[in-house]
Amino acid sequence: MTLYEKLQNTHSEEDVKDVYIKALGLKSFSKNLIDIQTNEIWFEAKDGYKYSTYQMFTQLLHYVQQALDKGEAIPPFLCVIDTKKAAIMKTADALPLISNKKQPIKWGKSASGYTQEALDVVSAYIGTYLVSFKIETHEEEFINTIKNAIKTGDIIRTQITPDNLKQVFDKWVLMIGQEIKDVAPEEYALLFFADIMSDGTVSTHANLPAELLHRGNAPVFMLNNKIYELGNREGYRQFWAIYHRPPKAEYRNYLLERRDSLIPLDERSFKGAYYTPLNVVDKAYDKLAETLGENWQKNYIVWDMCCGVGNLEVKHSNPRNIYMSTLDQADVDVMKATKTCVAATRFQYDYLNDDITDDGTIDYSLTNKVPQGLRDAIAQGKKILVLINPPYAESGSGIGKGDENKKEVEQTKINTLMKTQELGYASKELFVQFLVRISKEIPSAKLAMFSTLKYVNAPNFERFREFWKANYLGGFVVHSKAFDGLKGNFPIGFLVWKTDMLSTKRIDITEIKTEVLDKKAKPIGEKSFYNLPNKIFLNSWMKKSKTNNELALPLSNAIKVSNNPRKKMSCDNMKGFLFAGNNDFQNAQTGTLLTSSIYTGRNGGGVYLDDKNLWQAAIVFSVRRLVKPTWLNDRDQFLIPTEPLTDEFKNDCLLWMLFNGSNLTASANDLEWNGKKWSIVNHFIPFTEEEVGANDRFESDFMVQYLKDKKLSTEAKAVLKEGKKLWQAYFAHTDVRAVREELKLNRPDVGWYQVRNALKRRNESGDFAPISFKPFEEAYKTLTEKLQPMVYELGFLKV
């Protein structure tokens with residue numbers, strides 16, 4: 001629990017004192033008239049936060065005045081604390097005020113009974129000497145400042161370093177950035193660097209995009225020849241009382257190179273501008289030397305057409321061979337200010353739109369931005385390496401995706417060209433758009449690219465792979481957590497290719513082997529990725545039943561009617577519905593479930609179940625959920641089995657599905673939809689009424705009849721046995737009305753979803769004898785461990 005959280009749970013001033021004493025590690029202290037008294041610091045403490053910092057210091061300075069008058073020792077520091085804020089100052093800074101014999105302060109009868117005059121005098125004087133902290137956001141800085149004051153006898157401001165840059169930036173935005181009038185949030189990073197790269201008057205770098213100035217002793221900022229003023233300067237004073245500026249010389253250029261990691265999240269997500277960590281860049285250069293030869297930096301012209309602030313190029317020893325272009329002019333300005341790759345050619349360029357004619361031809365005369373040297377190298381067929389970490393942004397069009405949709409981000413001139421080439425879904429992905437223009441502009445280039453693995457193995461990119469001709473030379477995958485700001489856990493590939501778009505032969509990508517790096521860029525093994533035809537993917541294995549002319553009740557969960565506007569038809573003899581979303585691990589855990597009517601969440605696809613395809617449904621359900629997803633297998637595809645499937649395997653999968661947490665089959669009456677009331681029947685109860693002690697007849701005995709001639713394995717029988725005990729426990733009692741209504745327990749033919757959740761509610765209530773799930777869980781675990789290796793052995797996944 002944080003200091004702030006502990007303070008919110010205090011109930012008295014004594015509690016507040018004790019929390020601070022423990023957090024600061026105070027050893028020798030006393031609690032008297034002065035709330036906390038040590039040799040180094042006196043503390044004034046308050047419960048709550050209604051007193052201002054100035055009111056608390058007025059009380060504390062009264063005690064200092066009394067000590068001076070008595071000839072007693074005073075500490076070098078004074079500090080005030082409450083449940084939300086704190087502030088410290090040097091006692092020496094206050095002495096000129098309280099020692100002024102010509103204008104003595106009229107304190108009042110006691111420290112707490114200060115006069116308004118005393119408060120006004122103290123407030124007017126001490127403001128410039130305070131170092132103030134909000135405990136919720138500056139806990140660490142406050143604690144370090146107090147401990148350093150005790151240790152060194154001075155108030156040491158916090159250094160800005162590569163390790164705390166993001167945190168400092170976020171606090172700068174809250175305390176300063178949001179007070180700058182009329183400035184767009186996307187400009188905060190430029191103004192932040194102008195502020196920190198200054199000692200208050202002189203900048204450490206010439207020609208930064210923004211500049212810190214002063215008007216009448218007040219700080220102002222200049223950006224694009226426009227002056228921006230602060231609405232309130234108190235946050236500015238407080239911020240720079242906490243932090244030291246400028247950063248140490250050895251950090252400055254490195255910090256400036258991190259500009260793209262400080263772009264506000266919305267813009268960064270939209271543009272896909274993710275910083276490439278330098279330890280990962282090191283590994284990339286090692287891989288380039290391995291695949292292109294030790295002298296690649298000398299032998300190849302390099303073009304990075306989405307360079308950001310040049311992180312991919314800072315390790316290059318021959319910058320005269322480098323061309324660096326980027327969408328944002330501000331990135332170019334930062335590179336110039338930090339002298340990043342000074343000898344390289346750096347220029348602003350919109351690679352997906354600039355110099356592209358309506359028919360898709362590249363015409364450099366349209367903008368004249370591309371340097372002549374680069375044009376000549378392309379025209380003369382020189383060795384060119386495209387080295388890029390392009391944007392990962394993708395547009396979406398699915399129902400209900402909300403903020404995940406990046407509408408229109410893909411609408412570039414290259415996107416238009418890809419549509420004419422009928423490259424399908426790949427046209428939505430920005431990094432693939434880069435590949436399409438590169439293939440047209442530099443058809444024989446070497447390509448080294450950071451990206452997801454979609455273009456290698458995703459089903460939606462099959463048409464693109466038929467178009468794109470390239471031979472794989474080598475590469476690695478690294479955990480996405482190595483990159484600042486990326487959400488999720490998945491592999492980012494750095495793959496090196498020899499493109500050959502002029503070839504008349506088809507070049508198939510079948511398998512690529514990669515080195516595997518963890519999130520600290522340390523090697524941990526190898527991994528293969530496969531390009532396989534969509535026709536052998538598992539989601540094409542099951543035949544879909546024909547629909548009839550009757551509407552089916554749409555569900556978004558076991559017993560919840562969907563608000564999705566799509567209407568779908570039912571099918572004859574439907575027993576349930578299998579939703580199995582996209583065919584990779586990324587979607588398997590959250591995109592595999594069984595319901596009693598159609599499921600319309602996500603993309604709404606799925607298969608109606610009957611007695612003929614149930615065995616296949618059980619296998620598809622099970623193999624998609626048996627193996628746990630990791631960051632490394634995130635993009636692996638499920639396949640049609642390559643080995644014969646035994647009856648035992650089929651039946652094991654059926655029992656595993658019936659008792660899985662994503663079996664959402666259920667029963668319910670009076671579900672309202674489309675102007676009438678509906679009922680759903682549960683066809684998936686593997687027991688008779690007598691076996692479980694049901695209080696009435698089940699409408700369907702489909703599953704009992706289906707299992708009648710099935711020979712079950714020992715492991716499957718154990719699951720069935722322990723499952724029966726839980727069903728029996730459910731029917732042994734009647735749940736309270738609130739639970740009955742919540743779980744729709746208005747029919748006897750309840751489903752596994754309803755049974756397990758009703759029993760959990762009873763256990764939580766304490767009104768029933770507790771029901772242990774442990775025997776069932778152990779039996780289910782045994783069946784799981786039996787089936788897991790068979791997913792690979794039978795060919796559902798490739799190693």
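How far apart are the mean positions of the positive and negative charges of the protein chain, and what can then be said in close detail about helix 28?

Author: This is a predicted model, and every value that follows is to be read with that in mind. In the protein chain, the mean position of the 106 positive charges and that of the 101 negative charges are 1 Å apart. The chain has 799 residues, of which 55% are buried, and the C-alpha trace spans about 105 × 85 × 50 Å along its principal axes. Its accessible surface comes to about 36,400 Å², with 46% of that area belonging to carbon and sulfur atoms. There are 28 helices and 22 strands in the chain, and when contacts between residues at least 6 apart in sequence are considered, 68% of them join residues at least 24 apart.

Helix 28, the part you asked about, covers residues 774–793 and so numbers 20 residues by the assignment used here. From its first C-alpha to its last, helix 28 reaches 29 Å, which is close to the 28 Å expected at 1.5 Å a residue. The buried residues of this helix are Phe776, Ala779, Tyr780, Leu783, Thr784, Leu787, Met790 and Val791. As for what covers these buried residues, the cover includes helix 21 (614–626) and helix 22 (647–658), together with helix 25 (714–731) and helix 27 (752–765). Just after helix 28 has ended, Gly795 takes a positive phi of about 90°.

Strand 19 is joined by 4 bridges to strand 18 (residues 576–580), and the two run antiparallel, with Ala580 standing opposite Thr592.

The other place is Gln59, a residue of helix 3, which takes in residues 53–70. Gln59 counts as buried because its relative accessible area is 3%, whereas the cut-off for that label is under 20%. Leaving aside residues up to four places away in sequence, Gln59 touches Glu44, Lys46 and Tyr51, as well as Ala111, Ser112 and Tyr114.

Methods:
Residues numbered from 1 in each chain as written. Predicted model: local features only at pLDDT ≥ 70, side-chain atom pairs only at ≥ 80, totals over all residues. Heavy atoms only, no water. Buried < 20%, exposed > 50% of the residue type's maximum accessible area, 1.4 Å probe, protein only. Contact = heavy atoms within 4.5 Å. Areas by Shrake-Rupley, 256 points an atom, 1.4 Å probe, with all protein chains shown as cover. Lys, Arg positive; Asp, Glu negative; His and termini not counted. Charge placed at Lys NZ, Arg CZ, Asp CG, Glu CD. Expected span 1.5 Å × (residues − 1). Pairing = 2+ DSSP bridges.
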